[in-house]
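Me: Can you walk me through this model? I'd like the aromatic side chains to start with.

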Amino acid sequence: MKLKIKETAWGINRVAGGYRERVTADLCFPCEVGEIPDFGKGKRHFTVDEVTENSISLSVHCADPKYNKTWTINKGEEITYRPRSFDGGYFYEFKLI
């Protein structure tokens, strides 16, 4: 199994009224317990906490621990992580393949 992570930057142009998205990283990582190497420009820190035959447990670690989050992703399933932001930032799509 591999974990596919797609990082997308998005932003709002308040003057012109436009919205823009662009993919900044689209990578696959082996499903091994431990830290996922740094990637993209979003500066989020992810770890794989547990690996089973058909699923993994994935965590994001933020500067403020109250915003840390953990997901269980099953094989073939896709999860989207959108940190709260009002005018731009990064969002992530995780898929176990």
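Reply: One aromatic cluster is formed by Phe 29, Phe 39, Phe 46, Trp 71, Tyr 81, Tyr 92 and Phe 94. Rings of Phe, Tyr and Trp (its six-membered ring) pair if their centres lie within 6.5 Å; planes under 30 degrees apart count as stacked, over 60 as edge-to-face and the rest as tilted. This is a predicted model: local features need pLDDT of at least 70, side-chain atom pairs count only at pLDDT 80 or more, and totals for chains, interfaces and linings use all residues. Residues are numbered from 1 along each chain as its sequence is written, and side-chain values use heavy atoms, with hydrogens and water left out.

Me: How many aromatic pairs does the structure hold?

Reply: Eleven aromatic pairs. In one of them, Phe 46 and Tyr 92 have ring centres 5.2 Å apart and planes at 70°, so the pair is edge-to-face.

Me: Which strands do Phe 46 and Tyr 92 lie in?

Reply: Phe 46 is in strand β4 (residues 45-51) and Tyr 92 in strand β8 (residues 88-96), so the pair ties together parts that are 46 residues apart in sequence. Strands (E, at least two residues) and helices (H or I, at least four) are DSSP runs, numbered from the N terminus.

Me: Phe 46 and Tyr 92, buried or exposed?

Reply: Phe 46 and Tyr 92 are buried. Buried means under 20% relative accessible area, exposed over 50%, and partly exposed in between (1.4 Å probe, protein chains only).

Me: And what about Tyr 92 with Phe 94?

Reply: Their ring centres are 6.4 Å apart and the planes are at 10°, so that pair is stacked. Tyr 92 and Phe 94 are both buried.

Me: What does Phe 94 touch?

Reply: Leaving out residues up to four places away in sequence, the contacts of Phe 94 include Leu 3, Ile 5, Phe 46, Leu 58, Trp 71, Ile 73 and Tyr 81. Lys 4, Glu 77 and Glu 78 are also among them. Contact means heavy atoms within 4.5 Å.

Me: OK, the core. Which residues touch the most other members?

Reply: In the largest nonpolar core, which has 20 residues, they are Leu 3, Ile 36, Phe 46, Leu 58, Ile 73 and Phe 94. Two or more residues come from each of β1 (2-13), β2 (18-30), β4, β5 (55-61), β6 (69-74), β7 (78-81) and β8. A nonpolar core is a set of buried Ala, Val, Leu, Ile, Met, Phe, Trp, Tyr and Cys residues joined through side-chain atoms within 4.5 Å.

Me: Switching to the fold. How many helices and strands are there in the chain?

Reply: Zero helices and eight strands. The C-alpha atoms fill a box of roughly 50 × 25 × 20 Å along the principal axes, and 34% of the 97 residues count as buried.

Me: What is the strand order in the open sheet?

Reply: The open sheet of four strands runs β2-β1-β8-β7, with antiparallel pairing. Its edge strands, β2 and β7, each pair on one side only. Two strands pair if DSSP finds at least two bridges between them.

Me: How many bridges between β1 and β2?

Reply: Twelve bridges, in the antiparallel sense. Thr 8 stands opposite Val 23 in β2.

Me: And what joins β4 to β5?

Reply: Six bridges join β4 to β5, and the two run antiparallel. They form a hairpin with three residues between them. Glu 50 has Ser 57 in β5 as its bridge partner. β5 also pairs with β6 in the antiparallel sense over six bridges, with Ser 55 opposite Asn 74 in β6.

Me: How many residues of β5 are buried?

Reply: Six of its seven, so β5 is mostly covered.

Me: Now the loops. Where is Glu 32?

Reply: Glu 32 sits in the loop between β2 and β3 (34-35). At 52% relative accessibility, Glu 32 counts as exposed. Not counting residues up to four places away in sequence, Glu 32 touches Val 48 and Val 51.

Me: What about Lys 43?

Reply: Lys 43 has a phi near 60°, a positive value in a residue other than glycine. Lys 43 is in the loop between β3 and β4 and is exposed, with a relative accessible area of 78%.
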